[in-house]
Each structure stands twice: as C-alpha cells, then as structure tokens.
Amino acid sequence: MEQNWGLVMKYRFLLVLVLFLFCSNENFVQRASRDYFLFEEGNWWRYASGDDTMLVEVEPADTILQTECFPVSFGGYTRYLAESHTAIIEYINVLYNFAGDDYTIIDDFVMRIELPLVDGNNWEDSLVGSLEVAGQLIQAKYHVRGVVTGFTHDDNFDGDVYTIELSSVERVILLDTTMLDSSYVVEHYAPDIGLVLFDNEVGEYILIDYEVQ
Amino acid sequence: MFLYFLISLAVGIEGGYNEPALGFKNIDSGTTFMLFMNRYWRIADVTLSIGTGFNTGDNPSYSMNSYGLRLGLSKNNWLFSPVLACGADYLRRTLHDAKEVGYAFIYVIGLNINFRYERVRLYPQFYYEGLTDFKEHGGFIGTKLGIGYEI
C-alpha cells in the first residue's frame, strides 16, 4: 500500500515539476506587479534621435485643480502628469488668444493612459469647454484615444515592454473657423524604467541613459 | 487497495479573503475558494487541492482570476500547524474586454489552528501566498476558513 502511495506522490511531484518548468517562460507576474510609470521628483531619462538628444525630467510636485501632479519636462516643454489608481492623467489647458490676451477655454485633466496596462485595452477621453470672447462664442474640444497594441520581451530592459499608441486632437471652434492641432505618438514602456522609446512626428527617440529612484 | 486509499482520506473546502502584500499595486483585494483532499503520509498530512481566486482591482474594470493546483504539507493533528504548499496557477487579468493570460509558480507559507470534533476538522488559516514567474515575485496575505471531513 505504502509503495502505491509513494508512486502517487512521485507523479504528483513530477506534475509540479512540469508546471514549474512551464512557468519559467512566463512573465505574467512581472507585468502584473511592476511599475511602468515612475513619476518621482528627480527621475530623468535621456533619449537620442539621430544627432538630436532630449532630456525628460520629473520636476518637483505641483498642485493644479486640487490634484497633485508632476511637471515633466520634455526637452523644455512641460507636461503636467499625475498617476491615479486608474490612469495616468494629464493637465490640459486650451487657450484662445484675442487682441493679445489669452482666454482659457479648457482647464481640466484628461485620461492619457488607462491603468493597469493590459494588452489590447483601448480607451478614449475628451474635454469640452466654451467661452464668450468679445461677443463671439469660442468652443474647444480635446479628445485623446489610446490603445495598448502589445508587449514584447526585451532582454535589454529585463522585462516585457508595452507598446501604446496615443492620438490626440485639439479643436478650437470659432464662428467661421476651426483651428485643429493633432498629434500621434507611439510609446514603449519598460518595467521599473518607464518610457524607453517614443516615435512621434519629429522622429524616433531611443533611451540612452536614465536615472530613476 | 483503492478502498483503503479512499477511507484514509480527508476531504474538505476552504474559502477566504486576501490582500496584496508584495507587488500587485493595482489589486485591491481578493477571494479564494479551494477543494482539497489530504492523507497522512509518514510524518505529515499531504494535501492536494484545486482552487480558484478572484481579485478586484482599484480600477473597477480590472480584475485578476486564478485557477490552480497545490500540493501541501501540514500537521493536522496539531492545534497550531504550519502549512507549506506549492503549485501552479493559470492566471487571467482583464480590463474591460482586454485580457492577458499566463502561468505562475505558487508557494504558500501559513498557519492552521485546528479544531476537531469527531471526524470533522474546522480551521482558520493565516497565510502568505507568493506568486512568481521567476523574474518577479508578488504575493498576498490572507485568511481562510476551512472544513475537512475524514472519510
């Protein structure tokens, strides 16, 4: 009897061993538990595109509309980003200039990237606003759309790198004119590093150096 | 022989609640449910269990499910019994209609407090359940209530 029981135990251990080996090619826990966005003051990343380089740096936290966010300088151009449990949100400020004065049409946060990152997820968010300037109704619309197009394992970053496509459109609508500003960017995020590559209208920027806490 | 094997078995169920303790910062909490059978073998009770878990995310649209198999050791005749188990889980996490699936190796370290009444054993269990893909570790702390019946 004991021999039979021992045989059963041996097969169970073999089963566990097979599952153990099977698991070794998976990075599921890594994707589900590690951080892909590192908005901490002082973190910086340097990218190169041909001869051009760009420094992305997280500056000291600021509060906008009662929301603590981090100004992130993209080569001097500052974006205000914050991370919540459900999304990376970005402060959007759409202005209309009339007779030398700026009028704020939209002043709010938009969901830039929905969290957590899951392959195939897509989202969209929009903001609208309007203001009467010198007797003329000015409308503005900001729309962002994103999709996680996949992930690939990259040994350089010791993990699975997610690819995200983001497109945004900003419209300022006057009585007889519509001003349009659109952008499209593909971003690649690595665990515990952050943005490692982005490709926009200007070119493809590849991470060459970084320091994160 | 099969009859001997059968009558020396104990079967039971476990259910409980857990929260992430390491990694999984997008998970809020979870529930687990397991079916098990165990048998005393040489020095300890060997438990084979199958189970499922459901974890809800901080994002209400996000969830993580698991379906797993465990092989564990305990001393069910002790009032306070250490529990060690390992196994594998099939995992699925979903956000809206998007989903990812994968596998993880599981290890459990816990403590049972066994209360016995004739053939019935009732026990609360406090445990840490670790998940790893051999690149990253994550884990949950939780508590379960189990009931077993010796056939």
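In the predicted model, strand 4 of chain B gives the most to the lining of the largest cavity, with 5 residues. That cavity has a volume of about 230 Å³. Its lining counts 22 residues, and Glu14(B), Thr47(B), Ser49(B), Val83(B) and Gln125(B) are the closest to its centre. Several strands of chain B take part. Strand 2 (27-41), strand 3 (44-57), strand 4 (62-74), strand 5 (80-95), strand 6 (98-113) and strand 8 (120-132) each supply at least two lining residues. By class, the lining divides into 9 nonpolar, 8 polar and 5 charged residues.

The second largest cavity holds about 160 Å³ of space. It is lined by 17 residues, and the closest to its centre are Phe39(A), Phe74(A), Leu81(A), Tyr189(A) and Leu195(A). Two or more lining residues come from each of these elements of chain A: strand 1 (44-49), strand 4 (67-74), strand 5 (77-83), strand 11 (178-190) and strand 12 (194-199). This lining has 13 nonpolar, 1 polar and 3 charged residues. In total, the structure holds 6 cavities of 30 Å³ or more.

Charged pairs were examined next. Side chains of opposite charge can pair when their charged atoms come close. Over all chains, the structure holds 16 salt bridges. One of them joins Lys25(B) to Glu83(A), with the closest N and O atoms 3.2 Å apart. This pair crosses between chains. Lys25(B) sits in the loop between strand 1 (10-22) and strand 2 of chain B, while Glu83(A) belongs to strand 5 of chain A. Lys25(B) is partly exposed, at 40% relative accessibility. Glu83(A) is also partly exposed, with a relative accessible area of 32%.

Within chain B, Arg70(B) and Glu129(B) meet in a salt bridge, at 3.0 Å from N to O. Arg70(B) lies in strand 4 and Glu129(B) in strand 8, so the pair ties together parts that are 59 residues apart in sequence. Both partners fall under the 20% limit for buried residues: Arg70(B) has a relative accessible area of 7%, and Glu129(B) has 8%.

A further salt bridge of chain B links Arg116(B) and Glu150(B), at 3.1 Å from N to O. Arg116(B) is in strand 7 (residues 115-117) and Glu150(B) in strand 9 (residues 137-150), so this pair connects parts that are 34 residues apart in sequence. Arg116(B) is partly exposed, at 40% relative accessibility. Glu150(B) is partly exposed as well, with a relative accessible area of 34%. Finally, Arg31(A), Asp160(A), Arg93(B) and Glu100(B) are joined into one network by salt bridges that share partners.

Methods: Residues numbered from 1 in each chain as written. Chains lettered and ligands numbered in written order. Predicted model: local features only at pLDDT ≥ 70, side-chain atom pairs only at ≥ 80, totals over all residues. Heavy atoms only, no water. 1 Å grid on protein atoms, 1.4 Å probe; cavity = no way out; pocket = protein on both sides within 12 Å on 5 of 7 lines; lining within 4 Å. Points joined across faces, edges and corners; volume = space filled by probe spheres on them. Helix = DSSP H or I, 4+ residues; strand = E, 2+ residues; numbered from the N terminus. Nonpolar A, V, L, I, M, F, W, Y, C, P; charged D, E, K, R; others polar. Salt bridge = Lys/Arg side-chain N within 4 Å of Asp/Glu carboxyl O. Buried < 20%, exposed > 50% of the residue type's maximum accessible area, 1.4 Å probe, protein only.
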